[in-house]
Number of protein chains: 4
Amino acid sequence: MNKSDARSNLLSKKVIDFSIGSDTSSKELMEKMSDMGGFSAKKVAEGARILRDMIKDSSSTNILSFPADIMATGLRGVIVEMAKRKWFDLLISTCGTLDHDIARSFGDYYQGAFEMDDAFLHGLDIHRLGNVLVPVESYGILIEKKMAEFLKNIDSDGIKDITTHEFCWKLGEYINNKSSLLYWCSKNRIPLVIPGITDGSVGYQLWQFYQEHKQFRINMLGDEQLMSDTIWDSKKAGALCIGGGISKHHAIWWAQFRGGFDYAVYITTAQEYDGSLSGARTREAISWGKIKEKAKHVNIDGDATLVLPIIASSLAGRTAHRALCANSTPWKLKEDDDVLIQRLLRLNSRDLQQEANCEIQKRKTASSRSRQRCSYL
Amino acid sequence: MNKSDARSNLLSKKVIDFSIGSDTSSKELMEKMSDMGGFSAKKVAEGARILRDMIKDSSSTNILSFPADIMATGLRGVIVEMAKRKWFDLLISTCGTLDHDIARSFGDYYQGAFEMDDAFLHGLDIHRLGNVLVPVESYGILIEKKMAEFLKNIDSDGIKDITTHEFCWKLGEYINNKSSLLYWCSKNRIPLVIPGITDGSVGYQLWQFYQEHKQFRINMLGDEQLMSDTIWDSKKAGALCIGGGISKHHAIWWAQFRGGFDYAVYITTAQEYDGSLSGARTREAISWGKIKEKAKHVNIDGDATLVLPIIASSLAGRTAHRALCANSTPWKLKEDDDVLIQRLLRLNSRDLQQEANCEIQKRKTASSRSRQRCSYL
Amino acid sequence: MNKSDARSNLLSKKVIDFSIGSDTSSKELMEKMSDMGGFSAKKVAEGARILRDMIKDSSSTNILSFPADIMATGLRGVIVEMAKRKWFDLLISTCGTLDHDIARSFGDYYQGAFEMDDAFLHGLDIHRLGNVLVPVESYGILIEKKMAEFLKNIDSDGIKDITTHEFCWKLGEYINNKSSLLYWCSKNRIPLVIPGITDGSVGYQLWQFYQEHKQFRINMLGDEQLMSDTIWDSKKAGALCIGGGISKHHAIWWAQFRGGFDYAVYITTAQEYDGSLSGARTREAISWGKIKEKAKHVNIDGDATLVLPIIASSLAGRTAHRALCANSTPWKLKEDDDVLIQRLLRLNSRDLQQEANCEIQKRKTASSRSRQRCSYL
Amino acid sequence: MNKSDARSNLLSKKVIDFSIGSDTSSKELMEKMSDMGGFSAKKVAEGARILRDMIKDSSSTNILSFPADIMATGLRGVIVEMAKRKWFDLLISTCGTLDHDIARSFGDYYQGAFEMDDAFLHGLDIHRLGNVLVPVESYGILIEKKMAEFLKNIDSDGIKDITTHEFCWKLGEYINNKSSLLYWCSKNRIPLVIPGITDGSVGYQLWQFYQEHKQFRINMLGDEQLMSDTIWDSKKAGALCIGGGISKHHAIWWAQFRGGFDYAVYITTAQEYDGSLSGARTREAISWGKIKEKAKHVNIDGDATLVLPIIASSLAGRTAHRALCANSTPWKLKEDDDVLIQRLLRLNSRDLQQEANCEIQKRKTASSRSRQRCSYL
């Protein structure tokens, strides 16, 4: 290609000045940001576009990974809505997500400031999480009480061994509150995998329980079975990774076994230069086969509490409720019937039993790959 | 105060989950972000509130400082609109702002990507500025041509010595294009001070001119006179500092001589730990008397291309055109009449001459401190 | 206190200019940095001082948490040396630490650059981890081979259930290579806890193994028992947290149950404003009771690959090998003898059997709380 | 190139673990960091290597740019030493550098902490600059007093118009203190250019002086003449850019007119994603022709107070005093003799007069391009 053609190719999309309107909607906001050319604004708009494509692609198994801290803020509302609308087929997070979801389903967190005096707060039995205040009665004490009751139920159900996603479903049923992420994961049967479940308040309660029930086990490897089943057969796959850490790594780790994601959006404040996984850009994942060379992908530098509400609001009109990707419900189908049914019945969950029966019914007739889930949709 | 009261005081404002609506306006977006509690979203909302108060306060002399890079993106549209609406009484920036404003008034910039191959671009005579592409014909060549003509005019006008804000007004008249920031600064007689004007393409052209006109001087100290006059008499003062560097420092530097700003919003990606002025939080300025102890102030961590369009859009309905603060036009009034009139006439500007005559007229009658400017408002 | 006294108090330590010598040792470097006053250099020196105190305090149970990425770089040498010298009584990390330690014990990683073309590398079967190159034959393939053999041994030993720290000790014995961190953890019987062990290559191999051994369980809750035992009885406690994520959180989480750390050094590149645990400063932990109000603590902003070699080198002369804190070996003592001995014997490890026998012997005579471990010291 | 060869090419330099020695010198530290492979440590070592080459290359005109904040810390000692040893032929900084250099030549700054209460400090007349405390008597008051005297001298000398580098030389003579950077710049006749000299305490004093001397001008364009002369004829050129802002931009700006730098080391904490000049990596400069495609260049992410003492200490033994690059003293030679001599004599400086006379002498005989400066070396 000669210089002139190369230039024409490159210089095809002008930078257009943002015009302030009187009542700009978030959808317009996103379109104007797309035209701005630079710097992060354009990437946010690009992220919104990729996310929209990912959600609209019914053949794509979509994964959402996120850290726990955002669940202490109003961003929880956005995560909940995304679970409600089934934009994602599988979620990955850390123990704190369970802690904050329980805490905020039954208690309140408050607005504070980063600059507050931590020794003073400590004296008042108030924890500080960034600029959020967590009173002790909304946290440790409350979680202990709720978990004690919940684990007693688990015990009564005779459960000695449970994967984290099953645990989350049971917990969501127990919470039974529409503000809760666990509730919606349970309701919509979206697996929430917590690869480091012992690290936090719920994990601590599990250990308390374990002291009296030394045979009780968290079946982490059962979660990996789910991850494998979910990813391996997916026709396409996409990921929205909020923040970094174990949740992000676990999402992209499994993607390598299907040749990488087709869609990937990272929202992060972490930096690249320190070699961290949290700061690694989407392109680094290409060398590992975790994102496809031809994937639509973008790395948005910014705080998710700012970026995600805008993106989600801009998509809300266009992406109403979605059916989970048909390929992404392997937990029901990959094992031979007896094992599956035993597994579901074992959990002693009304919903899951219904599902198990429903599944038995369906299997008698179903054959097409495009089947829809029998309930909840 | 006992513990219970201290707690009640602190725990007064709940964290409320963000709800996704179908067509959220930027105003609603900001309100919902305010309720989120954390983390940056809340600060953006706080920044919007402070900015609104600052703009609505007709007794406040408002200063906007910003770096040049954003003028290469669509954020220029927001800066221009703020000048058009006279939200600020004085602007401070760097030479690159003049470069990009000239370039984009007569040429185009294009959308690119951070990852592009810089050697390849160099071979194609395309500069990369982040993810913005600057073709050489829209930049150096174009600016040289325009500046040559403009400086010839300056020379014909017999100007041997000029402050940077006068230079910008003259340049704005010359550009005469409604997309231009310089045009609106000129039109609305808002001083744009460039304390490091030699550092960039316009500065380079000034030096070229200087080689043939060794007596020509930029009167930097005349700009300081303006800064002093603007700040010292102001009843109240506010600042929006976008980014850091010399522009931010110059804004807050002068504020110390009136006891500090009453309103201050910083939007920055710079970090605090390296001790830089760019990363210094609003609270550091309190120890210097550059921001008042009782001021409304917030530091927003984030990229202005993302933060500012949202804030500005959310304010647009509520803060239409504003009159410049009466106290903030000292460049007309602080010197004895003859000097002033000489200064204005000397610039050989139609607008300024009209203004000078108008001023002479006004002085014959005016006495009240609350006088309004005779033109443009 | 009057103003003059307050000033004298505050203004007690002058900023002293750094003088360049001709052959400055790392110890001198640290002393000069301490005198510099600002900005990060001083904090690095402060971190070195706290770390030295922590190491020299034989009554302090010391915890080291770190992310896996640094194990892909030469910083692994520093971590290994710290384990060799027993500066820490317990380590916490992520699965990748096991992956890289196996990989680099039997293969090589190479020096690359952040800017390399990831699609090109992918085509060459080379992964990029920041500026480190990981050839596939040194990673997935190698780890799979080694783990297959190792897990076969585990199976032969009849182990159906294992904590992560026991798993690491067994793995260290298997690796049997002095460059290996796992080797030294095993050799010095320092527990390495991996709260999210399924997340990575070793975790993947565990899952492969699980598919054929559906009864096999990782006993995460057994690790929590160890954490609890280690922390609860400690007279004092200290932590060096490198980076953030689950490892950092797990270290500080448990500290709250003893009233917080007495010493704490964070080295991180993460920022505070996003509310993340990774970016949370030491002072935030005070509000949670995870660090004591009176603790010696510092947050060092910087990349550990740069900061840690300097600190460790500066301490090397002064802090030779250390005995593990006597209080910090609860895994041997908290359970009744039979359970313990069963647990140790069950692991079928030569070293552990020896230790079990040694322990049986010792218990017959020991009674004082200040006993020393019978081996390795 | 086939895959196998491509791999061999890439996989040539192994990652080697850092070994802790007992008394590691900074030179050894740097060598070990070079072998570590990742992440920032390796870049620091690379920066040291490029800097060494740049300093040893007697045909390279070397530029150092830096922000003022570091002059408030002990890093000033490193900057001073580099001026003393003539590692750089030209320096660029901001007004604060003059402020802090005067202040610390005659007064003291103190060690503080970022977390201090700024309102409290304000009440005590102590300014906070990151974790450095600046008592008012060491700053504003002191600078005002010294500058008043100095400017009186300037006035007595009949100077009505002065470039910033001439101003700095005069000021250095006045300070006459070996701890001072200005002193060494003056002594070694290294130009220090301050493109935004009005922005700070010295600038403020200049404006005070201007109020009584309305004809006094800072000749910014004369500095640009120097920049042009210094760069244009240089055989090779190198830059160490500490931090960002106007200083960094001014250094790289001028480099484009000779086809870019041959050596470039950036040390910065600024990030790339926001499109800022401060955060722009070395490679972005390639597209502008500000760094050569074939240049040795590296971007070190980190705080200069930490990075630079290590680098400088490691180089100290190998790079003793250097002669300024012969090509880099154009301020003496580019103008016709009479103008030059007038200019030098006009400054009424003993040193400069001597130099002028010396120059007159030299010109009578000299013709070769490889002449050395007649004094100071």
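Trainee: How many salt bridges does the rule find across the interface of chain B and chain D?

Mentor: The model is a predicted one. A salt bridge needs a side-chain nitrogen of Lys or Arg within 4 Å of a carboxyl oxygen of Asp or Glu. One pair that meets this is Glu284(B) with Arg128(D), whose closest N and O atoms are 3.5 Å apart. Across the interface of chain B and chain D, the rule finds six salt bridges.

Trainee: Which elements give two or more residues to the side of chain B that touches chain D, and how does that side divide by class?

Mentor: The elements of chain B concerned are α6 (118–123), β4 (126–129), α10 (201–212), β8 (217–218), α11 (220–232), α12 (245–255) and α13. By class, the residues of this side divide into 24 nonpolar, 21 polar and 15 charged.

Trainee: What area do chain B and chain D bury between them?

Mentor: The contact involves 60 residues of chain B and 60 residues of chain D. Of the area buried, 56% is on carbon and sulfur atoms. Trp207(B), Leu221(B) and Trp288(B) supply 13% of what chain B buries against chain D, more than any other three residues. The area that the two chains bury between them is about 5800 Å².

Trainee: What area do chain A and chain B bury between them?

Mentor: Here 79 residues of chain A are in contact with 79 residues of chain B. Carbon and sulfur atoms hold 61% of the buried area. On the side of chain A, the residues that lose the most area to chain B are Ile20(A), Phe39(A) and Gln111(A), together 14% of what that side buries. The area for chain A and chain B is about 6500 Å².

Trainee: How many salt bridges are counted between chain A and chain B?

Mentor: One salt bridge joins Asp125(B) to Lys3(A), with the closest N and O atoms 2.6 Å apart. There are also 40 residue pairs in polar contact between chain A and chain B, both residues at pLDDT 80 or more. The count of salt bridges between these two chains is 10.

Trainee: Which helix gives the most to the side of chain A that touches chain B?

Mentor: By class, this side of chain A has 36 nonpolar, 23 polar and 20 charged residues. The helix in question covers residues 304–316 and gives eight residues. Its name is α14 of chain A.

Trainee: Which element gives the most to the lining of the second largest pocket?

Mentor: This pocket has a volume of about 1500 Å³. Of the 50 residues that line it, the closest to its centre are Glu115(A), Arg283(B), Glu272(C), Arg283(C) and Glu115(D). The lining divides into 16 nonpolar, 12 polar and 22 charged residues. With seven residues, the element that gives the most is β11(C).

Trainee: Is the peptide bond from Gly38(C) to Phe39(C) cis or trans?

Mentor: Most peptide bonds are trans. Phe39(C) lies in the loop between α2 (26–35) and α3 of chain C. The omega of the bond from Gly38(C) to Phe39(C) is near -25°, and the bond is cis.

Definitions and conventions. Residues are numbered from 1 along each chain as its sequence is written. Chains are lettered from A and ligands numbered from 1 in the order in which they are written. This is a predicted model: local features need pLDDT of at least 70, side-chain atom pairs count only at pLDDT 80 or more; totals for chains, interfaces and linings use all residues. Side-chain values use heavy atoms; hydrogens and water are left out. On a 1 Å grid over the protein atoms alone, a cavity is a set of points where a 1.4 Å probe fits but cannot get out, and a pocket is an open set with protein on both sides within 12 Å along at least five of seven lines; lining residues have an atom within 4 Å of a point. Grid points are joined across faces, edges and corners, and a volume is the space filled by probe spheres set on the points. Helices (H or I, at least four residues) and strands (E, at least two) are DSSP runs, numbered from the N terminus. Ala, Val, Leu, Ile, Met, Phe, Trp, Tyr, Cys and Pro count as nonpolar, Asp, Glu, Lys and Arg as charged, and the others, Gly among them, as polar. Contact means heavy atoms within 4.5 Å. Buried area is the accessible area (1.4 Å probe) that two parts lose on being put together, summed over both. A polar contact is a pair of N or O atoms within 3.5 Å; within protein, one must be able to donate a hydrogen and the other to accept it, and residues adjacent in sequence count only if both atoms are side-chain atoms.
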